[in-house]
Amino acid sequence: MGARRLHTVGEVATLAGVTVRTLHYYDRVGLLVPSGRSEGGYRLYAYGDLERLREIRLLRELGFSLAAIGRLLDVAAHDKRSALKAQRDLLVERLERTERIIRGVDRALNATEEGQEMDETEMFEGLEEFDHKRYEAEVEQRWGDSEAYKESKRRTSRYGKADWARIKKEGDAVVRRLAELLARGVRADDREAMDLAEEHRRHIDRWFYPCSPGMHRQVAALYTADTRFEAYFEKHGAGLAGFFQAAIRANEVRSTG
């Protein structure tokens, strides 16, 4: 196959359905730097640039911030096949969630048309935040032999609906307040941010398993390493996953210093 031709910024904008201004911005922030330049200094994009732009557009569609996308695409061990599979998994999860929401809307329509009330246990189907139960099998595979996992299983087996509602309310409150700090421009090593990180550590310690500051840091590594966790935090605020992770690290230093 012969050499692929290079594309101008206008051609790429048409192909990808984005504006030229967007491509200029991606170049300026280093997210998508074109492979070449014409004699007149105009941007020229190669096939590899188009592949990277497709990944950027897909990750944006999945709700990731530009900062998070840059980290995901530029890690040294970036594996294209693994990245595509992770993106596909996220899309499947989104499709399944959308289908659950549609089922809930259909039930609401039926209840309205029949003049009845909905079953309270089905009212919020598909509208959950992060459903940890969906990943229970994966968690067991990765950490099933650990004492922390066994302790978590012992504790959670006793919880009822009211307990899980309280756990969710407490966890959501921490994430919401962290997002507010991030929006205000508070540093991750500020006392307010570290206090919330400590509150989150105690939340895990109280409800799931003994969680030292060091263990908390290990848990927080997932917030940017696992795209599902990162997507959950990013929808509450661009950069929130990294901010939360940094606050947890700072709290560990404060706790052990």
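## Helix H13

Helix H13 covers residues 240-256. Its 17 residues reach 24 Å from the first C-alpha to the last, close to the 24 Å expected at 1.5 Å a residue. The expected span is 1.5 Å times one less than the number of residues. Helices here are DSSP runs (H or I, at least four residues), numbered from the N terminus.

This is a predicted model: local features need pLDDT of at least 70, side-chain atom pairs count only at pLDDT 80 or more, and totals for chains, interfaces and linings use all residues. Residues are numbered from 1 along each chain as its sequence is written, and side-chain values use heavy atoms, with hydrogens and water left out.

Several H13 residues are buried, including Leu240, Phe243, Phe244 and Ile248. Buried means under 20% relative accessible area, exposed means over 50%, and partly exposed lies in between (1.4 Å probe, protein chains only).

Where is Val186? It sits in the loop between H8 and H9. At 14% relative accessibility, Val186 counts as buried.

Leaving aside neighbours within four places in sequence, Val186 is in contact (heavy atoms within 4.5 Å) with Leu181, Glu192 and Phe243. Val186 and Phe243 are 57 residues apart along the chain, yet their C-alpha atoms are separated by 9.8 Å.

## Aromatic pairs

Rings of Phe, Tyr and Trp (its six-membered ring) pair if their centres lie within 6.5 Å. Planes under 30 degrees apart count as stacked, over 60 as edge-to-face and the rest as tilted. The count comes to four aromatic pairs. The rings of Tyr159 and Trp207 have centres 5.4 Å apart and planes at 80°, so this pair is edge-to-face. Tyr159 lies in the loop between H7 (147-156) and H8 (161-184), and Trp207 in H9 (residues 191-207), so the pair ties together parts 48 residues apart in sequence. Both Tyr159 and Trp207 are buried.

Trp164 and Phe208 form a tilted pair, 6.4 Å centre to centre with 45° between the planes. Trp164 is in H8, while Phe208 is in the loop between H9 and H10 (213-220), 44 residues apart. Trp164 is partly exposed at 29% relative accessibility. Phe208 is buried at 19%. Ring pairs link Tyr159, Trp164, Trp207 and Phe208 into a cluster.

## H1 against H2

Helix H1 (residues 9-16) and helix H2 (residues 20-28) pack at about 110°, with axes 9 Å apart. Axes are lines fitted to C-alpha atoms over the stretch in contact, and angles run from 0 to 180 degrees between N-to-C directions. H1 and H2 are therefore roughly perpendicular (65 to 115 degrees).

Val9, Gly10, Val12 and Ala13 in H1 meet Val20, Leu23 and His24 in H2.

Methods. Helices (H or I, at least four residues) and strands (E, at least two) are DSSP runs, numbered from the N terminus. Angles under 35 degrees count as roughly parallel, over 145 as roughly antiparallel, 65 to 115 as roughly perpendicular and the rest as oblique.
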